[in-house]
Amino acid sequence: MTQITLRRPDDWHLHLRDGEMLAGIAPESARHFGRAIIMPNLVPPVVTGEDAAAYRERILTALPEGSNFTPLMTLYLTETTDPADVAAAHASGLVTALKLYPAGATTNSASGVRDFDKVRPVLELMAEKGIPLCVHGEVVDSDIDIFDREAVFIDRVLDPIRRATPGLRVVMEHITTKQGVDYARAGGDDLGATITTHHLVINRNHILVGGIKPHYYCLPVAKREEHRLALREAATSGDASFFLGTDSAPHADPAKESACGCAGCFTATNTLSILAEVFEQDGALDKLEAFASRNGPAFYRLPVSEETVTLTKGEPVTYPGKIETGAGPVTVFDPGMPLHWRVEA
Ligand code: DOR
Ligand code: ZN
């Protein structure tokens with residue numbers, strides 16, 4: 001096969017940031033994707049409907065002329081989130097989902113949840129209205145090894161929450177483990193999982209062998225090879241439980257290339273070419289559309305895009321190594337292999 005046409009993909013987990021960074025990187029997602037679930041972990045976070053409305057306007061302003069990219073807004077769940085505000089923001093169509101960060105789990109998660117009993121009324125409301133909860137699934141206990149944090153979260157936090165809140169629709173964001181794959185697969189229609197582009201490509205050796213690679217560091221951190229292979233199998237299976245959420249998370253290079261570097265891989269620029277390469281390697285190009293364009297809308301109960309994108313196979317694709325933004329240069333994820341699938345304009 002030398003050409004493939006898909007319904008236009010969506011990104012079900014994206015960091016667009018704010019200000020100069022937003023202006024610099026929004027076009028990278030808008031070029032190929034139709035919609036994206038926008039992460040609310042700004043400083044300060046997007047907590048209320050009013051915050052989301054203002055952020056949405058700033059995103060729309062940052063989009064290139066003529067773009068019809070649609071930001072799907074999320075609210076950052078805090079222990080003081082008001083259920084009435086959530087209900088109103090969802091009913092008006094402004095907000096698509098809420099995001100749960102365990103406090104301290106990752107970038108700008110200090111306002112996240114410590115005591116899950118405090119968010120019980122919001123979770124009950126979400127279950128009743130069918131509002132999805134996007135979950136950063138890692139425990140933060142200092143005695144839990146960072147490579148075990150996802151698996152422990154499933155047992156200690158996620159499974160109890162789901163049992164206590166029947167009908168709650170949950171997206172396990174950016175799963176990185178075989179345990180995540182197995183739990184998502186067994187979870188039924190109210191459970192989905194996003195998988196990033198980079199976790200299909202790198203394992204923990206890529207971060208650490210031969211010198212530390214800050215641009216491969218993200219959270220959840222990439223795990224052992226057996227886990228990467230489980231993610232590949234899940235993504236390329238066509239199973240409706242799994243869909244693309246790039247977690248493309250730009251940080252200016254000085255913040256990454258530092259003695260205490262930020263977590264995040266920036267993949268918005270070359271994600272579709274990487275995915276086509278990965279799916280072709282696994283003999284699953286026919287499943288790419290399910291993963292990138294169909295399973296996500298099905299979970300979120302939204303229509304599949306009416307538009308299409310075409311990828312053509314040929315000489316290795318060229319793409320910029322960095323995106324220059326007013327907030328500094330952002331390094332584009334290096335998949336470590338030539339990419340042969342070009343997205344047609
Ligand atoms: O690597 C990550 N970067 N993981 C997250 O959960 C947050 C994100 C960010 O905002 O930079
Ligand atoms: Zn993220």
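Is F243 buried or exposed, and what is its relative accessible area?

Modeller: This is a predicted model, in which local features need pLDDT of at least 70, side-chain atom pairs count only at pLDDT 80 or more, and totals for chains, interfaces and linings use all residues. Residues are numbered from 1 along each chain as its sequence is written, chains are lettered from A and ligands numbered from 1 in the order in which they are written, and side-chain values use heavy atoms, with hydrogens and water left out.

F243 has a relative accessible area of 0% and is therefore buried (buried means under 20% relative accessible area, exposed over 50%, partly exposed in between, with a 1.4 Å probe and protein chains only). Ring pairs join F243 with W12, F299 and Y300 in a cluster; rings of Phe, Tyr and Trp (its six-membered ring) pair if their centres lie within 6.5 Å, and planes under 30 degrees apart count as stacked, over 60 as edge-to-face and the rest as tilted. Seven aromatic pairs occur in the structure. In one of them, the ring centres of F243 and Y300 are 6.4 Å apart and the planes stand at 75°, so this pair is edge-to-face. The two residues are 57 residues apart, with F243 in strand β9 and Y300 in helix α12 (residues 288–300); helices (H or I, at least four residues) and strands (E, at least two) are DSSP runs, numbered from the N terminus. Y300 is also buried, at 7% relative accessible area.

Another member of the cluster, F299, has R169 over its face, at 4.2 Å from the ring centre. Such a charge counts if NZ of Lys or CZ of Arg is within 6 Å of the ring centre and within 35 degrees of the ring normal.
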